[in-house]
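Here is a short report on one protein model. Read it with the structure open beside you.

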Amino acid sequence: MHAFTEKDIRASFVNASLRERNALVVPDLAHVDWAVLDYFGWRDPKQPLAGFIVVPVDDEPVGILLRQTEQRTRTRAQCSWCEDVTLPNDVVLFGAKRAGKAGRNGDTVGTLLCERFECSANARRPMPPAYLGFDVKAARQRRIEALRLHAEGFARDIRDSA
């Protein structure tokens, strides 16, 4: 993923109003290691149920405002994006308004995601070999590609629903 500026990030949100985009608290981007990210996500401590992600789609950023549900899952959930079954973190249900008229009419999409958006690190974490001769590097690369496809598909679904 290539680096984005704060201006790029603010302008990229497809399901947020101008007021919401201007009120965004974007984290310090100077310390972000863009080379190991498949999407950029963060939480705002002032808005505990809000989440923000920026996904590269066709080399352009697509920003999505997410809302975490207040209800926790009853059992340990699996992240829909990184699909890691040995997660070191919590998974929560996020909802996102669709872009355009559909979103204004209340149309939303839900997805299970790592609570602090650790998917890129989870996909890159070394995994134990499943069997003798298992290609760990190839499996890791497949997980990274799957994460990118899931994130991009979700962003396209939100953006292109107008």
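## Strands side by side

Alanine 50 stands opposite arginine 67 in strand E3. The model is predicted: local features need pLDDT of at least 70, side-chain atom pairs count only at pLDDT 80 or more, and totals for chains, interfaces and linings use all residues. Residues are numbered from 1 along each chain as its sequence is written, and side-chain values use heavy atoms, leaving out hydrogens and water.

Strands (E, at least two residues) and helices (H or I, at least four) are DSSP runs, numbered from the N terminus. Two strands pair if DSSP finds at least two bridges between them. E2 and E3 run antiparallel, joined by 8 bridges. Their hairpin has 2 residues between the strands, and aspartate 58 there takes a positive phi near 55 degrees. E3 and E4 also run antiparallel, with 2 bridges. Arginine 67 has glycine 95 in E4 as its bridge partner.

## Helix H5

H5 covers residues 136–159. Its end-to-end C-alpha reach is 35 Å, close to the expected 34 Å, where the expected span is 1.5 Å times one less than the number of residues. Residues buried in H5 include Arg143, Leu147 and Phe154; buried means under 20% relative accessible area, exposed over 50%, partly exposed in between (1.4 Å probe, protein chains only).

## The core

A nonpolar core is a set of buried Ala, Val, Leu, Ile, Met, Phe, Trp, Tyr and Cys residues joined through side-chain atoms within 4.5 Å. The largest has 27 residues; Ile53, Trp81 and Phe154 are among those touching the most other members. H5 gives the largest share, 6 residues.
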